Amino acid sequence: MTSLADKFASRLANLTPFGKRNDDPLANLKAASRWVENLPIGDAFKCQEAILNALKRFNENSTQYTKDRLAIFMLLDEKSRDLQDTLVRQYLRNPRMSRPAESQLWHAVYGLYWEVARGYHAFVLHLARTTGKVQHEDAIPLITLRAIRTFGQLLKWRAIRYLPAGDKLWLRLHNLYHIAETEGFHRQTLWTYAEDTAGCSCETAYLHILMLSLAHSGTLYPRQLDQTDRWLCNWHDMLKMDRRLDVNTDNFVVDLSADHGPRRVRKPDTDKPLRFWATADLLLKLQELYTALQSGTPPAQLGLTETARTAESLELLEHLQRQWASLATREQRRAPRKSVKRLVDVTHGLSAIINQIKAADTPASVSPYGTGLNYNEADDVQVYGFITDRTRERVSQMTLPVTQHSPDVERWVMNDESEYGYGAIVESRDKDWLRVGALIGVKPHDARDWQLGIVRRLSRLNDDTSSVGIETLAEKPTLAMLYDTATSGYTVNGFDNSSASLPHPSLWLDGDQKTLIIDPIHFALGKVFQIQGTSERKFIALGNPIERSEGWTRVVVEPVNS
């Protein structure tokens with residue numbers, strides 16, 4: 001019979017100097033390498049989750065900052081990158097996934113970045129405090145660069161969800177850059193990871209993050225934000241940080257002691273640790289790219305990634321030129337805003353907007369005498385052959401028709417308005433649809449006519465509320481039915497029984513340029529439809545898209561001879 005002392009001695013024999021069991025993947029570098037290589041392939045999510053849990057356990061037990069432990073941590077980081085990229089692509093390619101799926105994927109991606117940033121941050125702080133006392137201090141530049149880049153990903157992924165920075169992310173990032181600057185390696189070019197195609201320094205990585213923050217401001221779609229992130233990798237050489245302000249060139253500033261990102265230079269406080277930079281060279285590059293795209297050069301040929309499209313790239317370049325312009329030349333607000341407290345009905349999505357416009361155009365079921373029959377009037381006519389005085393008296397007392405509140409309509413309080421839109425702070429916990437680019441219908445709660453709006457800016461203030469900026473379209477939307485002029489080719493007894501013969505509801509906008517808002521599934525350039533609901537033409541062809549987002553696209557309408 002084995003004694004208790006023997007069992008305890010056996011357990012001690014299985015422990016490593018770090019207090020881990022021999023079968024623990026974090027026991028040593030060899031064990032970690034073997035564990036990573038034996039992870040089951042084919043399920044990126046589960047593999048990423050396994051590494052995430054290992055990193056989390058590593059950080060929770062990080063009481064020793066040895067060379068071996070740093071090597072284990074760097075190995076786990078490097079081996080997780082392909083898995084992380086797979087989940088990132090899955091997230092960005094599926095903007096209409098369900099809220100639970102989106103949340104699970106976002107937390108997986110963000111969680112891994114958080115543990116990587118947390119681990120490198122701890123090592124950098126430790127090594128910076130013990131410079132000259134440890135053998136592996138030569139690793140400081142590389143792990144500082146990795147930490148800076150990973151903190152940038154944390155800020156980017158919070159921006160993808162329109163969340164504020166929080167967790168003192170900006171202060172921690174500023175501190176990392178300050179360490180690099182103090183130690184004198186902030187401009188040392190390194191290959192952050194083996195698969196990188198170009199070198200990078202702590203300064204260029206830091207400026208990259210600052211420029212991405214300036215580009216976003218709650219106005220970009222997740223894919224646009226990711227596209228800008230990729231483009232910036234090619235523009236590092238055009239940005240350089242300065243300690244002193246050059247009033248003739250520098251137009252942006254960041255305060256290393258403040259828990260916020262960059263600002264335009266206005267009245268800098270020279271007593272604070274400020275860093276300045278100019279964007280003039282980069283703005284010239286953006287204009288060159290814009291001109292080349294307009295002349296027909298493919299985006300990929302200009303280094304704008306293989307998946308970039310010309311129309312979307314032009315739109316994004318215009319946006320970046322505005323966001324990165326100097327204070328003197330930046331585009332001013334089109335119209336002044338004024339504070340209001342206005343109750344507004346809101347509905348979202350093309351289908352719901354169409355239904356509300358259709359309901360508003362339908363005659364009321366209860367109307368004043370002389371403009372139609374309600375149920376009681378019709379009953380009188382059927383029974384008596386005429387409308388009784390009692391029914392007339394009841395009708396005369398009715399003012400406005402009683403309408404039932406639609407579940408598709410929400411009631412918001414607008415906090416400010418201008419000629420071109422509204423600003424509001426709304427409850428957003430259960431509003432999965434509330435994203436930049438969402439198409440909405442808006443109208444004062446006591447009005448009848450709906451107006452179209454587009455969510456242009458979104459910032460989640462906390463778990464329950466968001467600040468929303470809405471641009472309203474000047475044109476009044478009119479319901480129009482589109483009939484496909486092409487047949488499916490499948491007929492029964494000479495009749496086309498496919499869904500191709502069914503009309504497609506759309507919204508006609510009669511401005512200086514005739515446009516339609518339709519479901520993207522029905523769009524094809526040059527496609528001809530017969531149109532009903534407008535008086536001007538019977539046949540139209542779909543022209544170039546002006547704008548598109550989830551569930552809708554706005555296209556130019558071109559006349560077609562019948």
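Visitor: Is D345 buried or exposed?
Guide: This is a predicted model, where local features need pLDDT of at least 70, side-chain atom pairs count only at pLDDT 80 or more, and totals for chains, interfaces and linings use all residues. Residues are numbered from 1 along each chain as its sequence is written, and side-chain values use heavy atoms, with hydrogens and water left out. Buried means under 20% relative accessible area, exposed over 50%, and partly exposed in between (1.4 Å probe, protein chains only). D345 has 5% relative accessibility, so D345 counts as buried.

Visitor: Which residue forms a salt bridge with D345?
Guide: A salt bridge puts a side-chain nitrogen of Lys or Arg within 4 Å of a carboxyl oxygen of Asp or Glu. Here the closest N and O atoms are 2.8 Å apart, and the partner of D345 is R411.

Visitor: Where do D345 and R411 sit in the chain?
Guide: Helices (H or I, at least four residues) and strands (E, at least two) are DSSP runs, numbered from the N terminus. The pair links distant parts of the chain, 66 residues apart. D345 is in strand β4, and R411 is in strand β5.

Visitor: Which residue forms a salt bridge with E417?
Guide: E417 lies in strand β5 (residues 410–418), and its partner lies in strand β4 (residues 338–348). E417 is buried, at 11% relative accessible area. The closest N and O atoms are 2.7 Å apart, and the partner is R342.

Visitor: What distance separates the closest N and O atoms of R81 and E195?
Guide: R81 is in helix α4 (residues 67–93), and E195 is in the loop between α7 (169–183) and α8 (202–216). E195 is partly exposed, at 46% relative accessible area. The closest N and O atoms of this salt bridge are 2.6 Å apart.

Visitor: Which side chain joins D229 in a polar contact?
Guide: D229 is found in helix α9 (residues 222–232) and counts as buried at 11% relative accessibility. A polar contact is a pair of N or O atoms within 3.5 Å; within protein, one must be able to donate a hydrogen and the other to accept it, and residues adjacent in sequence count only if both atoms are side-chain atoms. At 2.9 Å, the partner side chain is K156.

Visitor: Which residues touch the most other members of the largest nonpolar core?
Guide: A nonpolar core is a set of buried Ala, Val, Leu, Ile, Met, Phe, Trp, Tyr and Cys residues joined through side-chain atoms within 4.5 Å. The largest has 92 residues, and those touching the most other members are W157, W235, W277 and W324.
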